Amino acid sequence: MKGGRARALVILLLLVLGGIAVAAALANRGTDERAQRLTAKERPKLLLLTSLPLLFGEGFSLEESGSPALKALEARYRIVPISTASAPELAKGKLLLMAHPLGQAPEDLVALDEWVRAGGRLLLLADPMLEWPSERPLGDALRPPAMFVDTGLLGHWGLRLDAPTERGPRALQLGGVEVLTGSPGRLSGKCQVSTDRLVARCAVGKGKATIVADADFLNVEDLDGPTQHNLDGLIAELAAVER
């Protein structure tokens with residue numbers, strides 16, 4: 001009898017533990033399904049200011065469905081494109097991705113600094129040697145600039161951005177994963193700078209500004225090498241600056 005009771009208790013315990021595991025798996029699956037069911041309005045708002053062909057290709061054709069980077073962002077955020085870093089545009093949200101933007105007017109840089117200091121969250125991709133291919137001629141207003149146009153913003157935050165000493169792709173750390181960059185620059189200064197000098201994380205007033213010295217890593221379709229974690233790094237850095 002004792003042996004039979006012991007076996008019965010063991011079987012009962014296994015059934016209970018199995019039930020707990022199944023319940024946990026169902027709960028996790030339910031969480032994932034709820035995340036996938038989030039409508040655009042329920043996702044966090046992300047302002048996007050960029051000169052890169054992320055929203056549309058260079059031809060601005062309706063047949064172009066957006067870049068892989070845009071699709072990765074849209075899975076997590078509600079994208080709100082803005083045209084400048086002016087105060088009215090920045091008032092549309094609290095989280096901003098500036099992906100190799102065009103040069104901003106001095107008054108807009110002042111507005112951006114004030115927005116961050118008031119609690120804004122910024123991820124700035126500032127590439128000193130952009131290698132993103134473009135069919136637009138040099139001088140075309142719609143062609144991404146060959147380098148990040150810094151008119152004093154980084155210096156105001158105690159940072160320096162230098163061009164790479166050598167050209168070519170490099171595997172570096174971003175958002176806790178290894179990403180493939182294209183001729184990345186080097187950051188230095190008063191902020192928390194990563195050992196490979198790719199990333200600087202700055203506390204600016206009540207807000208945060210994270211600067212990455214490369215934007216080519218977003219071009220996962222054209223970089224020569226493994227890019228499977230590039231967009232994971234982007235999302236992870238956004239999540240970190242958002243906190």
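Q: How many bridges join S10 to strand S11 (residues 207-212)?
A: In this predicted model, local features need pLDDT of at least 70 and side-chain atom pairs count only at pLDDT 80 or more, whereas totals for chains, interfaces and linings use all residues. Residues are numbered from 1 along each chain as its sequence is written, and side-chain values use heavy atoms, with hydrogens and water left out. Strands are DSSP runs of E with at least two residues, and helices are runs of H or I with at least four, numbered from the N terminus; two strands pair if DSSP finds at least two bridges between them. S10 and S11 run antiparallel, and the number of bridges that join them is 6.

Q: Which residue takes a positive phi in the hairpin of S10 and S11?
A: This hairpin has 2 residues between the strands. The positive phi, near 60°, belongs to Gly205.

Q: Is Ala203 buried or exposed?
A: Ala203 has its place in strand S10 (residues 199-204). Buried means under 20% relative accessible area, exposed over 50% and partly exposed in between, with a 1.4 Å probe and protein chains only. Because its relative accessible area is 73%, Ala203 is exposed.

Q: Where is Gln104 found, and is Gln104 buried or exposed?
A: Gln104 is found in the loop between strand S3 (95-99) and helix H4 (106-117). Its relative accessibility is 11%, and therefore Gln104 counts as buried.

Q: Which backbone oxygen does the side chain of Gln104 reach?
A: A polar contact is a pair of N or O atoms within 3.5 Å; within protein, one must be able to donate a hydrogen and the other to accept it, and residues adjacent in sequence count only if both atoms are side-chain atoms. A polar atom of the Gln104 side chain lies 2.9 Å from the backbone nitrogen of Ala85. The backbone oxygen that this side chain reaches, at 2.9 Å, is that of Leu102.

Q: Over the ring of which residue does the charged end of Arg76 sit?
A: A charge sits over a ring if NZ of Lys or CZ of Arg is within 6 Å of the ring centre and within 35 degrees of the ring normal. The charged end of Arg76 lies 4.9 Å from the centre of the ring of Tyr77.
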